[in-house]
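Here is a short tour of one protein model, written to be read with the viewer open. Take a moment to turn the model around before reading on.

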Amino acid sequence: MSSNALHVPVMLQRCLDMLAPALARPGAVVVDCTLGLGGHSEALLRTFPDVRLIALDRDPAALKLSGERLAPYGDRATLVHAVYDELPEVLARLGVPRVQGVLFDLGVSSMQLDEAERGFAYAQDAPLDMRMDQTTGISAAEVLNTYPPGELVRILRTYGEEKFARKIVDAVVRERAKEPFRNSARLVELIREALPQAAKRTGGNPAKRTFQALRIEVNGELTVLEHAIPAAVAALAVGGRIAVLSYHSLEDRLVKQVLAAGAETTAPPGLPVVPERYQPRLKLLTRGAELPTEQEVAENRRAAPARLRGAERIREEANEGTH
């Protein structure tokens with residue numbers, strides 16, 4: 001699929017419906033923290049004609065394509081080259097203290113998966129790069145070739161939930177001593193050989209979990225997310241809403257923890273009346289995580305693992321409204 005055959009973003013209508021009450025306000029600002037090919041952003045601008053959009057992406061190629069796609073909306077759209085944990089700095093620079101909506105779609109953009117030379121996909125041979133911003137940071141090949149074995153095992157287990165991490169890493173260490181890794185096909189082949197027969201018969205491409213783990217490590221995705229979700233919640237005005245689409249259990253768990261913590265009282269146990277300053281700051285908009293419909297998964301296989309969570313800001317922090 002070329003980047004021009006723009007696919008429909010995952011759970012698009014559900015995200016728009018979730019954010020709608022907050023974006024109906026006059027002068028509303030919405031932040032798309034993961035611009036990608038601009039599918040969500042375009043839908044937000046089209047659906048809410050008075051909304052101003054700020055969109056972030058760390059990938060210069062994505063910004064260029066989205067810029068062309070969103071050009072008809074003129075100065076309603078501000079595109080920024082930034083990683084989403086830089087949201088507070090971006091808003092400060094733009095002079096926007098609070099926003100009414102924030103959207104995260106944490107999937108790898110289809111453009112990155114579909115362009116072979118980026119090295120995200122395990123279905124075709126490509127340089128092992130996987131950096132979302134190719135101007136900075138270390139590549140997947142460098143991780144494979146230089147990380148100590150114990151660290152590689154931890155990454156595959158934690159980020160890829162790979163049961164055979166030790167077997168795969170033993171093979172990687174043996175092979176990299178002969179010749180450093182450069183391309184994905186050799187890694188895919190090595191993983192196929194390292195796994196027991198039974199493991200190869202289930203769950204799609206056996207390299208999938210390893211590639212996910214390398215991508216998360218290379219782009220520091222979970223570290224970035226740990227800072228980004230609380231920062232996004234803090235940027236919401238009262239009545240503002242956040243919607244987050246995640247694609248694996250680690251991301252979803254992190255999002256769940258931040259939103260759940262905001263929706264709980266922080267009062268010491270046993271108080272007969274809970275003072276305002278201990279009241280929850282958030283109201284959850286989803287019971288657990290919402291899943292895509294069967295029809296949506298049938299139309300877009302990338303939607304299958306998606307989990308959507310949302311929350312509304314219902315009051316200021318205790319110390320924010322008082323100074």
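Accessible areas come from the Shrake-Rupley method with a 1.4 Å probe. On that basis, the surface of this protein comes to about 15100 Å², and 53% of it belongs to carbon and sulfur atoms. Please keep in mind that the model is predicted.

**The whole chain**

The protein contains 14 helices and 7 strands. Of its 323 residues, 51% are buried. Among contacts between residues at least 6 apart in sequence, 69% join residues at least 24 apart.

**A covered helix**

Let us turn to helix α11, which spans residues 208-218 and is mostly covered, with 9 of its 11 residues buried. Which residues of α11 are buried? They are Thr210, Phe211, Gln212, Ala213, Leu214, Arg215, Ile216, Glu217 and Val218. The helices that these buried residues pack against are α6 (140-146), α7 (149-160), α8 (165-178), α9 (184-194), α12 (221-235) and α13 (249-262). Just after α11 comes Gly220, where phi is positive, at about 55°.

**Two helix pairs**

The table sets out the packing of two pairs, one of which involves α11.

| Pair | Angle between axes | Axes apart |
|---|---|---|
| α1 and α2 | about 45° | 11 Å |
| α7 and α11 | about 100° | 8 Å |

On the α7 side, the contact is made by Arg154, Ile155, Leu156, Tyr159 and Gly160, and on the α11 side by Arg209, Thr210, Gln212, Ala213, Ile216 and Glu217. Sorted by kind, the residues of this contact are 5 nonpolar, 3 polar and 3 charged.

The other pair joins helix α1 (residues 12-23) and helix α2 (residues 39-47). These two helices are oblique to each other, and α1 passes α2 in a right-handed crossing. Which residues of α1 meet α2? From α1 come Leu12, Cys15, Leu16, Leu19 and Leu23, and they meet His40, Ala43, Leu44 and Thr47 in α2. The residues of the contact of α1 with α2 divide into 7 nonpolar and 2 polar, with no charged ones. An α-helix has 3.6 residues a turn, so residues three or four places apart point the same way. That spacing is worth looking for as you follow the names listed for α1, among them Leu12, Cys15 and Leu19.

Conventions. Residues are numbered from 1 along each chain as its sequence is written. This is a predicted model: local features need pLDDT of at least 70, side-chain atom pairs count only at pLDDT 80 or more; totals for chains, interfaces and linings use all residues. Side-chain values use heavy atoms; hydrogens and water are left out. Axes are lines fitted to C-alpha atoms, for helices over the stretch in contact, and angles run from 0 to 180 degrees between N-to-C directions. Helices (H or I, at least four residues) and strands (E, at least two) are DSSP runs, numbered from the N terminus. Angles under 35 degrees count as roughly parallel, over 145 as roughly antiparallel, 65 to 115 as roughly perpendicular and the rest as oblique. A crossing is left-handed if the near helix is turned anticlockwise from the far one by less than a right angle, and right-handed if clockwise. Contact means heavy atoms within 4.5 Å. Ala, Val, Leu, Ile, Met, Phe, Trp, Tyr, Cys and Pro count as nonpolar, Asp, Glu, Lys and Arg as charged, and the others, Gly among them, as polar. Buried means under 20% relative accessible area, exposed over 50%, partly exposed in between (1.4 Å probe, protein chains only).
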